[in-house]
Amino acid sequence: MIEKIHHIGIAVHDLEQSLKFYRDTLGLHVHAQDTVQDQGVSAALLTIGTSEIELLQPLSPDSPVGKFLERKGEGLHHICFQTSDVDAELDELKRKDVPLVDQTPRKGLAGMIGFLHPKASHGVLVELATPIE
Ligand code: CO
């Protein structure tokens, strides 16, 4: 079951530069920051109420976020829905013939995550996440 919007992912050219706005100007708290080799990004999560903003800087131009920046420039990259069981959720979507990027969950900054194919969700890249306590 989808519970809420966990975070909104924003593609940026320079993570430190983007933190000057989101952290320093807006005053949002950075609660996680790491390099996720698997996704080819250097990322930060900032708390905003019960949701989060995820800033994503590509590690290389040929990574998925690098290609996104090349095509579309900085901006909204994906929306992440929180679910208590990302594994079961992906299985359920597979049964409903929903096109997926990830067939099984993998470790992301927000916990165990999986991406749907954007053609499934009318042009918006959707991520599902189950936070790890
Ligand atoms: Co995300």
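Tutor: The answer begins with the metal site and then moves to the parts of the chain around it.

This is a predicted model, in which local features need pLDDT of at least 70 and side-chain atom pairs count only at pLDDT 80 or more, while totals for chains, interfaces and linings use all residues. Residues are numbered from 1 along each chain as its sequence is written, and side-chain values use heavy atoms, with hydrogens and water left out.

The metal is a cobalt ion, and its protein donors are His7 (NE2), Glu54 (OE), His78 (NE2) and Glu127 (OE), at 2.0 to 2.1 Å. Donors are N, O and S atoms within 2.8 Å of the metal (3.2 Å for Na, K and Ca); water is not among the atoms, so sites may look incomplete. Along the chain the donors follow the spacing H-x46-E-x23-H-x48-E. Two of them link distant parts of the chain: His7 is in strand S1 (residues 2-11) and His78 is in strand S5 (residues 75-83), 71 residues apart. Strands (E, at least two residues) and helices (H or I, at least four) are DSSP runs, numbered from the N terminus.

What is the arrangement of the four donor atoms around the cobalt ion? It is irregular, because the angles that they subtend run from 87 to 175°. Four donors count as tetrahedral if all angles lie between 85 and 135 degrees; four count as square planar and six as octahedral if opposite donors are over 155 degrees apart and all others between 65 and 115; anything else is irregular. For comparison, the ideal angle for four tetrahedral donors is 109.5 degrees.

Both histidines can be checked for burial. His7 has a relative accessible area of 0%, so it is buried, and His78, at 1%, also counts as buried. Buried means under 20% relative accessible area, exposed over 50%, and partly exposed in between (1.4 Å probe, protein chains only).

Leu116 sits in the loop between strand S7 (111-115) and strand S8 (126-130). Its relative accessibility is 8%, so Leu116 counts as buried. Residues up to four places away in sequence aside, Leu116 touches Leu93, Val98, Pro99, Leu100, Val101, Leu125, Val126 and Leu128. Contact means heavy atoms within 4.5 Å. The loop between S7 and S8 also holds His122, which is exposed because its relative accessible area is 78%. The phi of His122 is near 55°, a positive value in a residue other than glycine. Most residues other than glycine have a negative phi.

Strand S8 also contains Ala129. Ala129 is buried because its relative accessible area is 0%. Neighbours within four places in sequence aside, Ala129 is in contact with Cys80, Phe81, Gln82, Thr83, Ala110, Met112 and Ile113.

In helix H1 (residues 15-25), Leu15, Ser18, Leu19 and Tyr22 are buried. They cover an arc of only 105° around the axis, which puts them on the same side of H1. The arc is that of the directions from the helix axis to the C-beta atoms. The buried residues of H1 pack against S1, strand S2 (29-36), strand S3 (41-48) and strand S4 (51-58). In helix H3 (residues 86-95), the buried residues are Val86, Glu89, Leu90 and Leu93. These fall within an arc of 95° seen down the axis of H3, so they line one face of the helix. They pack against S1, S5, S7 and S8.

Glu54 and Glu127 are among the residues that line the largest cavity, as are Val36, Gln39 and Ala43. That cavity has a volume of about 40 Å³. On a 1 Å grid over the protein atoms alone, a cavity is a set of points where a 1.4 Å probe fits but cannot get out, and lining residues have an atom within 4 Å of a point. Grid points are joined across faces, edges and corners, and a volume is the space filled by probe spheres set on the points.

Technical notes:
On a 1 Å grid over the protein atoms alone, a cavity is a set of points where a 1.4 Å probe fits but cannot get out, and a pocket is an open set with protein on both sides within 12 Å along at least five of seven lines; lining residues have an atom within 4 Å of a point.
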